[in-house]
Structures are given as structure tokens and as C-alpha cells.
Amino acid sequence: MRISTGMIFDAGVGAMNRQTSLLLHLQQQVAAGRRILSPSDDPVAAARALEVTQSRDIVAQFKDNHNNANSALGLEEAHLTSATDLLARVRELAVQAGNTSLAKSDRAAITFEMRARFDELIGIANASDGSGQYVFSGFMGSTKPFGGTVESIMAGGEIGYQGDDGQRRLQVSPTRFLEVSDSGNDVFKRVRNGNGHFVTDYPKNGAGVGTNTGTGIIGAGSITDPAAWNANPTKSFSINFSIDNVPVPPVTYYDIVDTVSGNSMLTGAAPLLPPTAATGQRAYQSGQPIILKSQGAEAAFDFGGSVLVTGDPANGDSFNIAPSSSQSIFATIGKLVGALEATTSGLSSSTAHLANDIGFALTNLDQATDNILRVRAQIGSRMGEVDSLSSANEDLNLQYQATLSQLQDLDYAKAYSDLIRKQTDLQAAQQSFARLSKLSLFDYI
Amino acid sequence: MGIFSVGISGLNAAQSGILTASHNISNASTAGYNRQEIIQGTNNPMLTGSGYVGQGTNVVTVRRIYDEFLGRQVLSAEAGASEMDSYLSQIKQIDNMLADPSAGLSPAMAAFFKGVQDMAANPASIPGRQSMLSAAQSLVARFQSIDQRMTEIRDGNNSQIMGQVTAINTYSAQIADINQRLILSKGSSDSQAPNDLLDQREQMLKDLNKLIRVTTLKQTDGSSNVFFGNGQPLVVGTQPYQLKAVASVDDAERIVVALTGAGGTTLILPESQITGGILGGLVAFRSQTLDAAQNGVGRIALTLAQNFNDQHKLGVDLTGALGKDFFTFSPPNVISNSLNPSANVAPIASLDPANIDKLTTSDYRVSFDGANYRMIRAADSKVVWNSGVLPVSAPLIAPPAANPSVDGLYIDLGSWAAPQAGDSFTIQPTRKGAKNIATAFSDARLLAAAAPVRTSAALSNIGTGKVDAATVVDTSNAAFATFNATGQLLPPVLVQFDIPPSTYTVYDNTNPLAPVALEGGIPYTAGADVFPTPGISLDYGYRIKISGTPGAGDKFTVDVNRNGVADNRNAMLLGALQTKTTMTGTALGGPTASYQSAYSQIVSEVGSKTSEVESIGISQQTLADHATETVQQMSGVNLDEEAANLLRYQQAYQASAKILATATKIFDEILSMGR
């Protein structure tokens, strides 16, 4: 084959150029530690790396959100723990106050502490987070949610709520927006009073003083058949006691009277008084549950539950039963303080009223505690969810890192060995070129 | 004739040989030089009685070792190689920029959405909002800087096209000139080829061919005609044709190539005619890669801006006003053809917010033939509209249902008065998208992180019914008409359950003491949307769902979200846009790509094209190298060979000289005999 001198030079330079550019590329890869220097090196991997990077960034963002969620929930949980302890203490005080042998000064000490607890609870409900946002005000973070005093409740009022029902949320996973707050309404105000279905009470006069004269004490009652309870269009009635003084000893009867119609539910007609064994009322026995359902030949009605009355109601005494409504925890404590402070006389009826009030308060305190525990349980499950999402996130993060590394990172061992090989190649090309280019016939003529 | 003349013929031939070898040696590195050799022949012998006696030698011709077929191979391979080379040097600039970990779009977009998420975590925090705004500004700046870089590349591309056209014209003129000289030399000697002049022309063609792929046609008069594209002439005989770089009639910012015909007429050449060579690479890069990449980034900017604005407007800011546009951006670029028969200004085009996902990265050309409007998508040359009316009269005047948008575009024909047959214009929906995106405000309080309405359940409710936080879908609804002025909904709504609670009634709750019933007896389905209502289709621009078992008389209210500073509902929806599929929708299916995947698509397209161009370039270069090598094997100068030739002819010369010496001696002998 004929070779032109130019070819020797062109081929030599061309080969060295190619080797140098490969060497340079390898060197850049090694210097950057990246396999892909520009997308053209591996277009699919480069595009994929961008998407994986976004996924990894989002996971990192979720991690931030998890921390935010955890701290918000942790803060709320801490406040609610204090509230639970506080309610336990108030309950303890209420039980203490029920002791009939307490002197007035003792009771005053108890109400003094209760008032302090009340203020403390207001403080908890108005707690704010690190950035000055109120924890329990819903979306209205800069609005102080609760304000009020025991007096306002004793005057028949309620503690107002200035916040709203909003629940703040944070995105903690691609599809999960986790609630990180609970509104003050839900925590402190939306508490069902009584047993959750109905609330029992004794009648009061215009000045708020009980009108029962006997020593009857009504329990909170219970509903065993909620469907039956719900099926009743109206759920307000009273249990009226009357005494048939003819027999000896006199027999105490009770009637269940619809508040709206004024008719006896037992007979379906207006109550007949005074009662006798034939007027349709049921005979009362202290400690026997009053079944809120037609018995025997009574007119048909069914409230699906029962209520317990103990003690000796006087003729004309009654207890009211009404559907439960929401009563704030503040109102529960406030009313209790009011009842304790109002008890002055040593009348047996007054003692019965106090016993009733303390009973109501204990029921409502239990409801309040249950409500806060319910919220705390939710917080706990949310925090648990955050924890499990966090650990899942960690795994994801590792996976994304591994994928990214596979896509982008350089195999150093291979790159180094390639580098050395290319270097050797280049040296060989240079040396052979130097030798070849030196050959010339002109040297010999 | 005699011994002297034989010797002298030998001397002359040897001298020619040495001369040719020296010519070869001295031109060993001349570009385009093909080696030459002398062709020696014997002189006509003389017939004598004893037969034919040789009469010495002569040089028949100096031959140029050249194979036209091999030359063509080199031309073809080199045109391809230089096209790929110029394409590569252009596309590399984009390729390196797009996926750069610090300069690409991805990091700025990630930082922006991180800002949104951080704002969602702390909606009331002004510093948090400010940092989200800063992230938005740096995202906008990144869009602009990427666009700026692409515009620079486009400007560079334009000026390189102009430069290449000038260079091509210079070569054409020179080739025409050499043609002239070749015709002359052909005239003076028909049998002997002007070797060096031919080499010069070959080299000139080779250089020209590196600028644009040419084909040549040899003429009998020695000249060579040069053509490009589909037979457009560059040189015919001694006549060069000038190319011209002119602004496109469709887009003044686009420099295109035109051919100056006889009589000075200018004919703009379609880009498909400009193939091969550096010019071909420049044009192909622009139409195949640069347009798509710049449009692609613009499309992301536009879609992001539109989606973000739409969602932002569903929120309410810290001042209690409804969210405003967060980004500003420009409407599609519309350019009237400069040769339009009518002198109308271009009509106005706008984006269809509801179909923004259908936006493509293509440009469009709309023409009017006197009866019908035709809209052609440049990317696939598909006719997307052909009708007596355009899709698309003013979107705000005619309902979009009657006049659907095409590929997310509206054209306001009302602004294109009385078109004449032959009128056309070009729409570039996304070209300026990245350039003109900007943030609309810099007051951090105006970020609409909250939702404008909130729901609540009355404390007196006896059932277990729950109402969800409302989802706002349309703040242009009349319910929000006086929102900013009065901070009220028109009207606030009360949903109250009837007795029994299997149905409910929707009330106007403007006066909570005396709500006005709007629609009653609506059957309750747990978890179903309350709005629009089944009867009279009340719709106040938001959706609420009630679930659980509400009791009789239970009340749920919807009211304005006043002072909801800790509300992040809208911020979360804004943040969710990051991963939502919002782009590359088709007429049949919904959107299929998020912003990031749309961007990755650009990166992958440019990357693939780069690597394709690179590998084609390498293979073309290898082909060219091989062809050149083959030519060099045949036509290249080998110095050793020439050294040997020098020796050969030197010895021939010495030998011929010896003939003369011998002849002289013979004469001397003869003369001395006569003494």
C-alpha cells in the first residue's frame, strides 16, 4: 500500500487527538466524581436523575413537614396532658366537696382552688406556640380563642370562643394531609353533657335555686339501645314524683311526663293525681333503675335506657331529662364552683341539690376528660403516623440516593483503570509517532 | 538526429522528472495538492536499413494523480461531518446548561416549591412568606437566564448564518473565476491539463462543501457547475449566484437564506434546502433543537404561571383580600407575514386557562385563502383547523364551548380586520414564555395561603354530622363579588337538617337571626357535595361535604374566613402543584406530565440529540477520514518516494550527460583522426 507522508502526520495527530479527548473526558469524570457530565453522556439517565432528584427533594421536604407536624402535635399533646391532670385534680376536689361533713371554710378552700384551676385551664386553652400563634384557635392563629370568668358562667353564660373550627394540616406524604391542630371548640367546648345522650337535672326557680324538697338524687342514666333513643322525635321529659298518702306507709309513685305535651308516657294521657295503684304511675323504690321503656300494660314508648334515682323524693319533686347538648369544660367547672359556693344552708334538700350538682359535675368532668383523651388519642395516632411515615421516608430517601448514585456516580475503580489505560495508549501513540515521523530517506542522501 | 539529440532528450526528460519531483516535495503540505508524475514516452524511431533505431525519449505529459470518484466520496462525507460538527458545537451549549446541578431549572423549581411548603407549615410567618417570594423571584430569574442564554445562542446562530452565507458567496465567486481560467487554458491547450489550477478548484469546492453540501457537474469546456439543495445553482460556468441572509417574512428575528436569481430577484429558500455543511448544521440545530428547547422551557413557565395563578386566586391573603395573580406572563407571540396582501396588524392570541395543559412546544402558522382559515402546527405539519371561521374568535365574547381553543390557544379574530386571501401569520405560543415571566408583587402579605371560606358546625348540634373544610373552586363566582370590599360572602350559607334529618335545607344566612330558605327538602347523602344543589343548582364557588349522622335541626354554616392567619389550605394546594400532572395533555386524555417531568423531557431530548449528533458526527468523520486516506494513498506525496525519484532522475540525468560526453569523445576521436 502506498502511504503519503501527509497521512503519517494526519493519522498520528488524529490518533493523539482522539486519545487526548478520551483522556480528558475520563479526567473530568474523575474530577467531578460523576459519570454524567452532560445529558448527552446518557440522556435517559440524566433525565431520570432530574426526576429522582425532585423526588428526593420532596422526601426531604416531607421530613421537614414531619418535624413541623411532630412539634405542633407534641406541643398540643403537652398542653392537653396538663389539661387532663387538671381535670383529674378538679374531679378529686369535687369528690372531696361532696363530703357532707365539710365545714364551710373547707368548702371555700376547695372552691378557691377550683377557681385557680379554672383560670389555669383558660390559660391552657389560650396557649400559644413558639411563633406566637394560638394553639387552639383553629385557623385564626393570631386571635386569642377564649376569655371569661367563673362569674360569667355562674350568671348562666358560657365561655365564648373567638376562634373557628379550622384544623391546620400539613402535607406529610404525597397523598396525606395530616391534621396538626384541633380547634378549641372541639377540645374544650364540643363536650356532650350528661351521659352523652341525655342530661338529667332538677328543676330550679327563677333565682336558680332548686325547687325539689326531698332528698332524691338522680344519676346520669344510661342508654343501652341508642337506636331506640334516636328514634324518638322529642326526647325531653320529666320524672315526676308523687306520694299516695292513703296507705301506710305512704307509697311513692313516679310518672314519666312528656315535657311538650304534658301527658304521661305511661298512660298516654294527662297524669292523674293524686296517684293510686290504679292511676298508671309506677311505684318508686330507691335504688331501683327507672326503665325508660313501657312495661307491662303501659302505653308504648321506648327511650332505650334507664336512669337511677336514690333517696326519698318528696311529693311534687321531679327530675328533668333532656337531650345532651354541648357544654364547655369551663362551664362544667364554673357550674360546680357556683353550686359549691351557693350551698350555705344545712337543709337536707340543699344537701341533695349539692349531691346532685356534684354528681352532674362528675359526669360532665368524665365526659370532658374522655373528650380530651379522645383528642389526645387522635394526636397520638397522628404522631404514630408521622413516625411511621418518617421511617418510610428514610427508606425512600436511601433508595433515591442509591438510584441517584447508580445513575450519576462514577465507578472510580473502573474510571481509574480506564484512565491509566488511556494514558498508556496515548503515550504509545506519541512515542510511535515520534519514531515514525523521524524516518526519512533524505537523512541518507 | 543522432546521439546528441538522444542524450539531450534524456537530459530534458530527467530534468522534467527532477522538476516534477521537486514540485511534489515542495507542495507536500499544500492543501488539496495531488501529486504529479511525468509520463515518459519514446521518440519515434528512425527506420534504417538495419531496422528501427530508437531516437531517445520525450515527456508526453505531466500527469496529476487524481480519482474523481474518490474525490466525490470525500466531499459527501465531509459535508456530513462538518454539519454534525457545527450542530454539535451549537447543541453542546444547551446540553451543558440544562442539567447543570446549579444552573439548570430543576434546582430553582425545587427551591420554589420548598418555599411554598415552608410557607404552608407556617402561614402566618412573614419571614417564611418572604423567603417563598424570594424563591419565586429566583425561579423567575432562572427562567429568564435560561431563556437569555438560548436567545444569545439564537443570536449567535443568526450571525453565524450570515457569516457562512458571506463565506459561501466568496467561494462561489472564486470558483467562477477559476472556471473562467480553466476555460481559457482549455482553449490554449486542449491536450494538457492545468493540474495545479484543477487542484485549486477541487480544494475550493472542498472548502465550500464544508460550508454547505454541494454537487458538481463537469462541463466539456473545463468549467464545473456547482449546485446545492435540490439543484439550486451556486456557480454555473463563470456565473456565480449570490446567497443572501435575510430576515424571515414570518419572523423578523429569524435569519433565513435566500438565493438571488437572475435580475436581482430574491427567493427565500425553505430550510429543508439548506443541508449539510456548517450552514446546514446551523439551520438544522435551530429548527430541530433550539426552537423546541426554548419553546419547551417557555411552556413550563407559562403552564406553571397559569396553574399557580389559578390556584392562588382561590385563596385569600393576610390582608383578607382574595388572591391576585402571582406571576405575570406574556400572551402568545403573533407575527404577521411581512408579505401579506393586506396591511393588517397581527391578531391577538391568548391562552385558554382551562386547557393550558394542551399547550405544545410547536409554532403555528395560520393562513387565509379567501374562504377558509387554516392553522398548521409547525412541529408535525398537521392542519389543526380548517374552516370558514377560526376556532377562536374573542374568547371572552363568544363562549368557549362554541369556539373551542386549539392546543390551548385562542385567537381573537376580531382584532384581525378583513383578512385578504393570502394573508398569513405565525403564532409562537411559548417562545417568549420563559423570557417574560415575572412575579406580580413583592409584598409577602399578599401571598394567598388561606382559603376564603370556612365551615363550622353549631355547638348545639346533637348528631354526629361533620362538615369538611370547604374546597374553593371558583372565586369569580358572584358569591365573592364584594369579598374584597366588604369581607363578606354573598351570601353566607346555613345548612340546617330538617325533622327528620333525612333532608336538609340551604339558607341564606346573611342575617343569622332570620335565615332565608333558598332550597329545601334536599335528600341527605353522607359525604356527598352539598353544592351545586340538586334542585335549583345553587353554586357559590366552593364545595362542602357533610358526613356522619346529623341530628334534626343540626346546623352547619359556611362563612368568610376572617383572620384565618394560620390557615394554610391554599398554600398546600399550591405546593401540591409540584407533583401534579399539569402538562402535555392531549385532546383525548388529560395531562400526563408534571413540570419536572416536562423539563426532564427537554433535557432528555436535547441530551439524546446531542449524543446522536455526536455519534453521527464521529461516524461521518471516520468516513471522511477513510475517504481522505484513500485519496491520500493515491494522490498524496510520499517524501521517500520523491527522494527516490530525485535519485532516479539524477542518475538518469548523469547517464544522459554521459551520453553527451561519450558523443563528444566520439567526435573528438573522429576529428583527431583528421589531424
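Predicted model: local features only at pLDDT ≥ 70, side-chain atom pairs only at ≥ 80, totals over all residues.
**Where the chains meet**

Let us start with the interface. Chain A brings 48 residues into contact with 64 residues of chain B. The size of an interface is often given as the accessible area lost when the parts come together. Between chain A and chain B the buried area is about 4,500 Å², and carbon and sulfur atoms give 56% of that area. On the chain A side, Arg2(A), Leu50(A) and Phe139(A) supply 16% of the area buried against chain B, more than any other three residues.

Charged pairs take part as well, with three salt bridges counted between chain A and chain B. One of the residues to look up is Arg454(B), which forms a salt bridge with Asp164(A). The closest N and O atoms of Arg454(B) and Asp164(A) are 2.9 Å apart.

**A helix pair across the interface**

How are helix 2 of chain A and helix 3 of chain B arranged relative to each other? Helix 2 of chain A covers residues 43-97, and its axis packs against that of helix 3 of chain B at an angle of about 20 degrees, with the axes 10 Å apart. The two helices are therefore roughly parallel to each other. Helix 2 of chain A passes helix 3 of chain B in a right-handed crossing.

From helix 2 of chain A, the contact draws on Leu50(A), Asp57(A), Gln61(A), Asp64(A), Asn65(A) and Asn68(A). Helix 3 of chain B answers with Ser106(B), Ala110(B), Lys114(B), Gln117(B), Asp118(B) and Ala121(B). Sorted by class, this contact has three nonpolar, five polar and four charged residues.

**Helix pairs within chain B**

Helix 3 of chain B, residues 105-121, also pairs with helix 9 of chain B, residues 569-576. Their axes come within 8 Å and cross at roughly 160 degrees. That angle makes helix 3 of chain B roughly antiparallel to helix 9 of chain B, and their crossing is left-handed. Phe113(B), Val116(B), Gln117(B), Met119(B) and Ala120(B) of helix 3 meet Ala571(B), Met572(B), Leu574(B) and Gly575(B) of helix 9. This contact has seven nonpolar, two polar and no charged residues. Gln117(B) takes part here and also in the contact with helix 2 of chain A.

A further pair is formed by helix 6 (residues 277-312) and helix 10 (residues 595-635) of chain B, whose axes come within 10 Å and cross at roughly 175 degrees. Among the residues in contact are Ala293(B), Gly296(B) and Ile300(B) of helix 6 and Tyr599(B), Ile602(B) and Lys609(B) of helix 10. The contact divides into nine nonpolar, five polar and one charged residue.

**Backbone features in loops**

Most residues other than glycine have a negative phi, and most peptide bonds are trans.

| Cis peptide bond | Omega |
|---|---|
| Val248(A) to Pro249(A) | near -10 degrees |
| Leu490(B) to Pro491(B) | about -5 degrees |

Pro249(A) is found in the loop between strand 8 (237-244) and strand 9 (251-258) of chain A. Pro491(B) sits in the loop between helix 8 (483-486) and strand 24 (493-497) of chain B.

Finally, Ser381(B) is not a glycine, yet has a positive phi of about 55 degrees. Ser381(B) belongs to the loop between strand 16 (373-377) and strand 17 (382-387) of chain B.

Conventions: Residues numbered from 1 in each chain as written. Chains lettered and ligands numbered in written order. Heavy atoms only, no water. Axes fitted to C-alpha atoms, helices over the stretch in contact; angles between N-to-C directions. Helix = DSSP H or I, 4+ residues; strand = E, 2+ residues; numbered from the N terminus. Parallel < 35°, antiparallel > 145°, perpendicular 65-115°, else oblique. Left-handed = near helix turned anticlockwise from the far one by under 90°. Contact = heavy atoms within 4.5 Å. Nonpolar A, V, L, I, M, F, W, Y, C, P; charged D, E, K, R; others polar. Buried area = accessible area lost by both parts, 1.4 Å probe. Salt bridge = Lys/Arg side-chain N within 4 Å of Asp/Glu carboxyl O.
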